[in-house]
Amino acid sequence: MGKLYLFGIGGTGSRVLRSLTMLLASGVKINASKIIPVVIDADTNLEDLTRTSELIKTYNKIRQALSFDAQSKNEFWQATFNLNDLSLPLSKATNELPFREFIGYPSMSRENQAFASLLFSEKNLNADMSVGFKGNPNIGTVVLNQFNSIDQLKQILSNFEDDDRIFIISSIFGGTGASGFPLLAKNLRSLGDEFKQAGRIMKAPMGAITVLPYFDLKPDEKSPIDSSTFTAKTKAALKYYDQQLNEINVLYYIADSLRNQYENHDGGPKQKNNAHFIELAAALSIIDFMAISDNDPSMEVANPDNQNCTYQPANPIYKEFAIEKEAEKLNFTNLCDETNQIIRYPLSQFVLFAKYILEHMDEKAAQPWREHLKIDNNFKNTDFYKHIKEFVTDLFNWYDEMSDNKRAFEPFNHRIEKDRLFSYIHGVEPKKGFLGLKLGDQNYNKYDQVLNALVKDQYFADKTQQQQFIELFYRATQKLIKEELTAITLKKD
């Protein structure tokens with residue numbers, strides 16, 4: 001297992017990375033020893049970037065307190081993220097310069113100014129880039145064509161090894177992603193000697209997902225972004241990708257024709273799009289790419305141009321994502337078996353854990369498991385527990401955003417009544433006994449019974465309190481799902 005260098009370009013990159021973080025926290029497996037996420041965006045104040053960055057920081061603080069050995073069954077927060085800064089600032093102060101100044105227009109000769117005016121409109125030349133490229137890939141292409149000169153990128157890639165891989169997340173209908181994706185891919189395949197590990201990077205397996213339109217923006221005459229142009233921009237970019245983009249081993253496409261309208265914000269702190277199922281599905285492309293064997297023909301990279309030292313995949317493949325049954329509101333029954341096998345158990349287990357933390361942890365009823373692990377107010381005031389509570393709160397916020405979006409993804413009813421706790425998965429009924437009578441209590445009494453029984457395991461004798469706490473809840477939620485939800489057998493129409 002090598003490392004994964006994960007580049008998220010623009011707002012879509014940040015949002016897909018947010019969904020990936022939630023999946024990995026729940027225990028979805030990724031075949032990588034470490035994930036090194038890097039977000040590339042001129043808009044460093046973008047709220048989508050800020051909340052993803054804070055989420056990964058919280059993830060890492062929890063992960064640092066945990067260990068995983070042969071006796072551990074826990075898979076919550078098992079994947080490892082690199083602790084470097086998430087955002088990759090551009091080398092030139094794009095947030096301080098209008099595009100006109102960035103390209104040196106005032107100092108150009110009259111002939112060159114005339115030529116630049118043919119390429120860029122007056123509105124383009126006067127564009128303020130402090131909030132990104134506002135749906136203008138022609139501007140983004142110029143600004144982002146500086147990847148090879150960014151010192152921080154060289155530092156990030158300085159430890160690249162033979163087994164490592166690269167994955168790029170971008171959208172195709174905006175400005176930053178549409179321009180940044182092909183530039184980054186081409187530059188990584190043709191690095192110069194200034195990069196310490198240039199040879200390994202140029203020959204590394206590279207995957208990417210390009211996200212086609214899946215939302216619209218409300219019309220706003222004052223905004224330079226017009227979602228009515230998304231389709232035309234997508235068609236133009238797809239034609240370019242087909243003819244010119246030859247660097248990707250596995251390229252994933254995803255889109256949605258059922259689109260919600262978001263508020264039209266140029267960027268900055270106001271651009272905070274609600275989570276969408278498309279972003280979760282896009283995150284699954286990263287899981288899929290890392291599961292492809294090194295021996296698969298799609299992972300081969302050839303060097304057809306020895307003179308220029310460029311590399312290209314010998315057998316590239318292209319993938320799309322589909323659901324099994326069309327609906328405006330999706331749950332697990334709408335997903336294909338392969339998708340369910342990846343996310344259904346981990347998400348169901350993690351949500352059941354989160355429900356206890358947010359709904360029942362503050363109950364003062366004495367329980368043997370709490371006494372055994374010394375779970376008292378002192379523990380609840382530790383940074384570790386505060387980070388746990390913060391993360392699962394973010395989990396439900398992320399889930400609520402998806403369930404309220406269009407297209408909605410709503411596999412859970414996490415606000416279900418406590419006496420119907422084990423009916424929280426849509427399409428799943430709790431296990432029933434003889435003559436239809438339910439086995440055991442269907443509330444937190446049953447949950448505590450399982451916690452009390454499992455805490456007696458010898459595993460908990462010499463572990464840290466944090467380790468014991470997460471391990472116990474992982475085992476308990478796993479047991480509850482198997483016993484109360486008949487291994488979450490789904491009812492399909």
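R51 and D48 both belong to helix 2 (residues 47-64), where three residues, about one turn of the helix, separate them; helices (H or I, at least four residues) are DSSP runs numbered from the N terminus. The side chains of R51 and D48 meet in a salt bridge with an N to O distance of 3.3 Å, a salt bridge being a side-chain nitrogen of Lys or Arg within 4 Å of a carboxyl oxygen of Asp or Glu. The model is predicted, so that local features need pLDDT of at least 70 and side-chain atom pairs count only at pLDDT 80 or more, whereas totals for chains, interfaces and linings use all residues. Residues are numbered from 1 along each chain as its sequence is written, and side-chain values use heavy atoms, with hydrogens and water left out.

R51 counts as buried because its relative accessibility is 13%, where buried means under 20% relative accessible area, exposed over 50%, and partly exposed in between (1.4 Å probe, protein chains only). D48 is likewise buried, with a relative accessible area of 0%. The structure holds 25 salt bridges. One of them joins R15 to E279, with the closest N and O atoms 3.2 Å apart. Since R15 lies in helix 1 (residues 10-26) and E279 in helix 11, this pair ties together parts that are 264 residues apart in sequence. R15 is buried at a relative accessible area of 4%, and E279 is buried at 1% relative accessibility.

A further salt bridge is formed by E417 and R420, whose closest N and O atoms are 3.3 Å apart. E417 counts as partly exposed at 45% relative accessibility, and R420 counts as partly exposed at 39%. Through shared partners, salt bridges join R15, R18, D48, R51, E279 and E401 into one network.

The largest nonpolar core contains 130 residues, of which F7, W77, F353, W369 and F469 touch the most other members. Such a core is a set of buried Ala, Val, Leu, Ile, Met, Phe, Trp, Tyr and Cys residues joined through side-chain atoms within 4.5 Å. Helix 11 (residues 277-291) supplies the largest share of this core, 11 residues. Neighbours within four places in sequence aside, W77 is in contact (heavy atoms within 4.5 Å) with residues including L24, Y59, L66, F350, F353, F391 and I470.

The structure also holds 33 aromatic pairs. Rings of Phe, Tyr and Trp (its six-membered ring) pair if their centres lie within 6.5 Å; planes under 30 degrees apart count as stacked, over 60 as edge-to-face and the rest as tilted. The pair of F350 and F391 is edge-to-face, because the ring centres are 6.3 Å apart and the planes stand at 70 degrees. F350 lies in helix 12 (residues 337-360) and F391 in helix 15 (residues 383-403), so this pair ties together parts 41 residues apart in sequence. F350 is buried at 0% relative accessibility, and F391 is buried at 0% as well.

Y356 and W369 form another edge-to-face pair, with ring centres 6.1 Å apart and planes at 70 degrees. This pair links distant parts of the chain, with Y356 in helix 12 and W369 in helix 13 (residues 368-373), 13 residues apart. Y356 is buried with a relative accessible area of 0%, and W369 counts as buried at 0% relative accessibility.

Technical notes
Helix = DSSP H or I, 4+ residues; strand = E, 2+ residues; numbered from the N terminus.
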